[in-house]
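Notebook open, model loaded. I want to look up some helix packing, then a sheet, then one more helix.

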Amino acid sequence: MPAPATTADSVLNDFLRRVESRTATVGVVGMGYVGLPLALLFSERGFPVVGFDVDRKKVEALSKGTSYIHHIGVDRVAQAFLQKKARATDDFSNLAECDAIIICVPTPLGVHREPDLKYIRATAEVIARHIRRGQLVVLESTTYPGTTREELLPRFEASGMKCGSDYFVAFSPEREDPGNPSFNTKNIPKIVGGLDAPSRDAAAALYGAVIDRVVPVSTAEVAESGKLLENIFRSVNIALVNELKIVFDRMGIDVWEVIEAAKTKPFGFMPFYPGPGLGGHCIPLDPFYLSWKAAEYGVWARFIELAGEINTSMPRYVVTKTAEALNEAGKSVSGSSVLVLGLSYKPNIDDDRESPSFEILELLQESGAKIAYCDPHIAAARRGRKHDLQLTSVPCRSDAFATYDAIIVSTAHDAFKDASLYRDAKIVIDTRNIVAPGALASGRLYKA
Ligand SMILES: NC(=O)c1ccc[n+]([C@@H]2O[C@H](COP(=O)([O-])OP(=O)(O)OC[C@H]3O[C@@H](n4cnc5c(N)ncnc54)[C@H](O)[C@@H]3O)[C@@H](O)[C@H]2O)c1
């Protein structure tokens, strides 16, 4: 005869039944680049969804069925939010009705490159006020190993209930690649680690209902570390090619041609490409979450620090190359007009977070250049945490480009690949290898 189910088993089984029948209400906290597509996915797969955000403008936009993220189609948002399959709110008392709560709030760095967990802590505190038996809470925000156990659990334990039997807590890293046509929230495998086995099982079941492949791991800490390894891997490899770019340039060798040659090796090599510096919410920031935490254990993550040093020096390198190019033409940076192509940090999207283009523009401005930018995806430069350029985009046309003393290609937007744009340009500094040799009728093309 099977042993009678314990209360803990029945809490988990009840949660699993709700997931299976798609009656579990899914709350997503933080409706940004990560949270919004996730909320849409759960809604499209039949779950009732509540999207929470402290930003009233986002809540209002979603409630009207409009999208504020370029690559997320307005049709999908309208389908979910206007047909009342999902709703958006800034009233966090609605957390109580959610069976699963997924946290997708920002994890930036402070001014000294230390992890800034204030958004996670604020969210954990508000959830703690509403937590109830049977709920699953999953953290998706990228962070150092131990955050879920050290920051979420103690706040929830204050309720007097027990994790793993009364409620469940897990970590599952987000792997969104905005603008990637081949991979989306549904077909990117999802790592899931719980604070205990029932929490892992609850989270794996929830994601398994909407995502093609779930990868359960033994602990939340493994899941937290897995995401960091992925991002550190990119940061270190990009730093390596950025350093080799400088080395080969001195030797008169084109690093881009070297990479093309090396990547014909069918095994044991993966190409990474140099650029004007790192951008986005992840690669420039996340590795430092681990190096900060490692120091607590008396170990130094030297690769992370070195990669950070090389990558953050790239905008200054590009500006130095621009100064040298102007110098060859008998001009100084001071007084020259310089156009930067691309404000977003990667091609064909409107996400400008941590984009190196800002630093390039600011360094040029500090040296006395008259600065301008062109980005077909960003009509006006938004005021950021560190930047306020107060500029609007120059038209993406050859006659406009011809009026500048120098042009720096910073983002490889498809719109910038048209060789005829550069016909009458005077000087082009290409950090992305997208300007065809011979594109300039009489001007000079440099790589940086
Ligand atoms: N964007 C990506 O491509 C990406 C990829 C992988 C992982 N991540 C990680 O996912 C997390 C979220 O990133 P994002 O790009 O979606 O950020 P985002 O800035 O686009 O969205 C975060 C949202 O959270 C909201 N918010 C802030 N504090 C809140 C609070 N206390 N309660 C409710 N909402 C709050 C903000 O208003 C914003 O709408 C980060 O940890 C990031 O590192 C992002």
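I started with helix 1 (residues 7–20) and helix 7 (residues 197–208), which pack at an angle of about 5° with their axes 9 Å apart. Axes here are lines fitted to C-alpha atoms, for helices over the stretch in contact, and angles run from 0 to 180 degrees between N-to-C directions. Helix 1 is therefore roughly parallel to helix 7 (angles under 35 degrees count as such).

Who touches whom? On helix 1 I noted Leu12, Phe15, Leu16 and Val19; on helix 7, Pro198, Asp201, Ala202, Ala205 and Leu206 (contact means heavy atoms within 4.5 Å). These divide into eight nonpolar, no polar and one charged.

A note on the source: this is a predicted model, where local features need pLDDT of at least 70, side-chain atom pairs count only at pLDDT 80 or more, and totals for chains, interfaces and linings use all residues. Residues are numbered from 1 along each chain as its sequence is written, and side-chain values use heavy atoms, with hydrogens and water left out.

Next, the sheet: I read eight strands, open, in the order 3-2-1-4-5-6-7-8, with mixed pairing (two strands pair if DSSP finds at least two bridges between them). Strand 3 (86–89) and strand 8 (214–217) are at the edges with a single partner strand each, so one side of each has no neighbour in the sheet. Strand 2 (residues 49–52) runs parallel to strand 3, joined by four bridges, and I found Gly51 opposite Ala88.

Last, just after helix 13 (residues 356–366), I saw that Gly368 takes a positive phi of about 95°.

Methods:
Buried means under 20% relative accessible area, exposed over 50%, partly exposed in between (1.4 Å probe, protein chains only). Helices (H or I, at least four residues) and strands (E, at least two) are DSSP runs, numbered from the N terminus. Angles under 35 degrees count as roughly parallel, over 145 as roughly antiparallel, 65 to 115 as roughly perpendicular and the rest as oblique. Ala, Val, Leu, Ile, Met, Phe, Trp, Tyr, Cys and Pro count as nonpolar, Asp, Glu, Lys and Arg as charged, and the others, Gly among them, as polar.
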